[in-house]
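This report describes selected features of a structural model.

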Amino acid sequence: MARVKAPVEEAEQVVGKAAPRLDAEAKVRGQARYADDLSFPGMLYGKAIRSDRPHARILRLDLSQVAAHPKVACVVTPKDIPGENVVPIIYRDMPLLANGVVRYVGEPIALLAAETREAAVEAAALAQVAYEDLPAVFDPLEATRPGAPQVAVPAAAEGGNVFNHMVIRKGDVERGFAEADVVVAGEYRVGYQEHAYLEPQGVIAVPEDSGITVYGTLQCPFYVQNAVAAVMGFPLAKVRIVQTATGGGFGGKEDVPSHLAAMAAVLAWKAGRPVKLVLPRDEDIATTSKRHPGLVRYRTGAKRDGTLTAVEVEFYYNAGAYQTLSSAVLWRGLIHAAGPYRIPHVKVDGYSVATNTVPCGAFRGFGSPQVIFAHESQMDELARELGMDPLVLRHKNALRVGDETATGQRLTESVGLPEAIGRARELSHWDELQDEVAAFNAQERFRRRGLGASTVMYGVGMGAKAPLLDKAGAYLKLEADGSVTLAVGTTEMGQGAQTVLAQIAAEGLGVPLASVQVAPVDTSRVPDSGPTVASRTTTVQGMAVLDAAEKLRARIVGAAMEMLGCPKVVPGDGRFHDARDPTRSVSLAEIARWMWAHNWDMAASGWAEARPVDWDAKTGLGNAYFVYAYACHIAEVEVDLLTGETRVTRFWAVHDSGKIVNPETARGQVIGGIAQGIGYALMEELPAEGGRILYPTFTAYHIPTAMDMPDEFVVEFVEASYSGGPFGAKGLGEVPLMASHAAVANAISAATGTRLRAYPATPERVLDLIGRGA
Amino acid sequence: MHTTGLAEIVRPRDLAEAVRLAAEGGEPLAGGTDLFVRLRKGVERPPFLVYIGDLPELRRISVGESKVEIGAAATHAEILASPAAARLPILRLALEAIASPAIRAMGTLGGNLANASPAGDGLIPLYLLGARVNLVGPDGERALAVEEFVLGPGKTALRPGEVIRSLDLPFPEGAPRAYFRKVGRRRALIIAIASLGALLWLRDGTIERARLALGSVAPTVVRPREVEQALVGRPLAPDALADLVEALSAATRPISDLRASAGYRRTVAGRLLLDLACTISPGG
């Protein structure tokens, strides 16, 4: 259990400061080495031979022409897998290579490695596969009907194609609706969202030292290590995972690299040579994880004064053909389904359903954006029904310290939501803003502006579904010259974690940030810190870094006292001063040299475990997460009534993520989340037919450009300190995306005078809405 | 399936050699922003490529008394930075809407024309200005009106071995007002779902003459000449043009594709006339 760290008494020197990103210069200069930049002597290029059927039995797999290709060095089928033919994630239903049956278009069937990338592509096309097509199902609701084709591996499903059905039963929802004066109901639909990280998936497996090393772009090195060990039948210690500079993850590199790394490892082992497996963009979009498409049915009841009495939610997520992370995604959706509100009666039923489609997985927000679209639409529909200001309605029902969440968790500290709503109201000049928008609309003939708000909560960390993973270790080493090496098992993927963790280390040690160097993540040299997911790194990993820093600092201070011959020292200007006579001081370099010369232990390891959580699957009640982050967003959107085109004109975002360790990287996270939310709400769409992604390219899949960002945006933080986080910090990474799309959606509804019930709000769909609103 | 590996790129000394190489089957390459996409997809497999992008005679932009002549390999960015764009507001409006700064720095107006996509933003001003396309081939030089040059999606009147040398953009008489608008899912880096460009000659708020060009709503860019005629004599105001919205829609022959339905394209193309009426102020 993590010890509670009181914030240090003196004002912080490094934490809370806008330090430049440690990785920025190398990336800007083009010096950072991404997976595809690496090359090894004798390296081959791997390629998966994939199913082109959504559901079929493999009658015959003839790879003779593939193997006969002059540049093919090695071919792999399931019988070549030295260990188990499984990609272990939460369940063990997904094989590394299809075992007789394929369940989605793009499922790997066999592998090859060739001397060149071009030859690998050529050779893969020579595979002859004879299939017997099986009935397939692509829609989650159809997949739950009796007689639907069985997609789910039975051992991994609760029944039929329902992978998981999870519930919350709080109070008596029928009573809650009976007590309501007003009830609103609606059905909301969302499709895929693709991560669109700049760097596609890629790994290189290198057989060495009687084991295997995998270099790759990834978020969770210890997941990858576990998967490669299982597939190779190796002890974990023979599998080394090295993270390369990672060009974005957003959840897309949580579980997928395990599959890729295990494929590359089997190929490399059989060939006895390094194998690079980097996915081209279309293969990446078509065959790797995405945000779950969802259908959410929602009903909300309230008193005439706006007090919420009941919420009833039923939602379905299309999980794809295998479990991967869907049970965890569903659980987060379940816990977040009722929103950040005080509601006495709550009934939620969430289903993740297997279909013959590419497995969905983690994506920033992890199952929450789908239900947030619904609950935030409902709040606006309710406000309209009640004739109330939507911000007032949200503020009135917002959770406060002492309140119970939808799972009956009593919040004991760090609930900055009411303050965030209040601040967003002030910053946007909400009342004047309404008048401005009304004046604009009165004057313009073919344009309408609308305002939309959203409020969200986010359970920081893994939560009660996976508490075993919510731990972290850190190694700190004082070098003989006073510089400091920090090693952690969580990863930098562009989110700024390295910088924030180095700031925590520097603050904890009382040294300047410039003296801290963060080591590359290599599973043979860093502690298992759990996965880099769930906005947990600053909080949980940060506590482990602080733990190590405090241990090492005690020794530094001890050495300084011995050197100065005084009972107390104080840090300042990168030196340690005699507390009685500050003119006497030693530098960190002098202390380090002295410690080295006196054979002192100059390394410390830190450990942190998240505070305990608990949850009862039968009732859905419990302390789901150790703490929550909150946000309130306001969007102003302009709609062109002639074309249905939309434009986000202004945006206000206020977040409570506790203490902000680095205001500049935090601001970057918020702005990035706003962009990704604008994309989700307005333009990102990946149509599929018969289980096939039709256009897996950036020509067809549009993410926002700089031009699509609001003309003006304001980002601010209210810092409701959390006693279980370093210097009071909570998580931030996912929250901005979660809040932004819903504010944009509500603004479109306000502008068109109708209700947007499906994403994305493309010009054509908005024009249709306008037509119905008129 | 991906096709990898690039055909050999040959660099001619001058235009004459470029024409000779093109006659041998080489595919002219300038900015490559469309060509490389097709090569990568494997839909086109030329035996070799002829890089004409740095031939000085194809890069020239000259402003004459009655026209601007733009070399086929002048990039969008170069044209935008040249006096040609200042003299022809419609050219500036359309080229600024192309893709992104990086693509505008690579892509060429000649290439945009040769690509002959009905969605090519650069084609709209060529249709509006009545541009002529100067060609050079094994049998010598000839010139075609842009409407004769573009035959359909990806289809042009180019004969084997022929290369676009330059484009002549005549200055319109008087001082017409320019309008360009493209509809899409985002505000940059987007292929138009529908677009409308216009030149309007106004006197005292009344339309004296009009030229319109619609993009992305037919196999080629379309000049809806009946609507152009019908605009003459009308005040430039949405209410005065409302009855022509249908007529403009009727001038389209759209398809449904991944970007939008035919019905949406038809509706929006007509309605852009109202946007035009609001965007161009009758005074200034």
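## Packing around helix H12 of chain A

The buried residues of H12(A) pack against helix H11 (390–397), helix H13 (430–443), strand E16 (447–459), strand E26 (628–640), strand E27 (646–656) and strand E30 (712–717) of chain A, where contact means heavy atoms within 4.5 Å. These buried residues are A:Leu417, A:Pro418, A:Ala420, A:Ile421, A:Ala424, A:Leu427 and A:Ser428; buried here stands for under 20% relative accessible area, exposed for over 50%, and partly exposed for values in between, with a 1.4 Å probe and protein chains only. Helices (H or I, at least four residues) and strands (E, at least two) are DSSP runs, numbered from the N terminus.

Helix H12 covers residues 417–428, twelve residues in all, and reaches 16 Å from its first C-alpha to its last, close to the 16 Å expected at 1.5 Å a residue, the expected span being 1.5 Å times one less than the number of residues. Just after H12(A), A:His429 takes a positive phi of about 50°.

## Basis of the model

This is a predicted model, in which local features need pLDDT of at least 70 and side-chain atom pairs count only at pLDDT 80 or more, while totals for chains, interfaces and linings use all residues. Residues are numbered from 1 along each chain as its sequence is written, chains are lettered from A and ligands numbered from 1 in the order in which they are written, and side-chain values use heavy atoms, with hydrogens and water left out.

## Salt bridges within and between chains

Over all chains, the structure holds 81 salt bridges, each defined as a side-chain nitrogen of Lys or Arg within 4 Å of a carboxyl oxygen of Asp or Glu. One of them joins the side chains of A:Arg423 and A:Glu716 at 2.5 Å, N to O. This pair links distant parts of the chain, with A:Arg423 in helix H12 and A:Glu716 in strand E30 of chain A, 293 residues apart. A:Arg423 is partly exposed at a relative accessible area of 26%, and A:Glu716 is also partly exposed, at 23%.

A salt bridge also forms between A:Asp640 and B:Arg181, whose closest N and O atoms are 2.8 Å apart. The pair crosses between chains, from strand E26 of chain A, which holds A:Asp640, to strand E11 (residues 177–183) of chain B, which holds B:Arg181. A:Asp640 is buried with a relative accessible area of 4%, and B:Arg181 is buried with 15%. In a further salt bridge, A:Asp656 and A:Lys730 have their closest N and O atoms 2.8 Å apart. Here A:Asp656 belongs to strand E27 and A:Lys730 to the loop between E30 and helix H18 (735–752) of chain A, so that distant parts of the chain, 74 residues apart, are linked. A:Asp656 counts as buried at 0% relative accessibility, and A:Lys730 is buried with a relative accessible area of 2%.

## Chain B as a whole

Chain B has 14 helices and 13 strands. Its radius of gyration is 19 Å, close to the 19 Å that the globule rule gives for 284 residues, so chain B is as compact as a globular protein of that length; the radius is taken over C-alpha atoms, and the rule is 2.2 Å times the number of residues to the power 0.38. Along the principal axes, the C-alpha atoms of chain B fill a box of roughly 60 × 45 × 30 Å.

Of the 284 residues in chain B, 53% are buried. Among contacts in chain B with a separation of 6 or more, 60% come from residues 24 or more positions apart.

## Individual sites in chain A

A:Val173 lies in helix H5 (residues 173–179) of chain A and counts as buried at 7% relative accessibility. A:Val173 and A:Pro344 are 171 residues apart in sequence and 8.4 Å apart in space, C-alpha to C-alpha. Leaving aside neighbours within four places in sequence, the contacts of A:Val173 include A:Ala310, A:Val311 and A:His345.

A:Asn161 is placed in the loop between helix H4 (140–144) and strand E7 (162–170) of chain A, and is buried with a relative accessible area of 3%.
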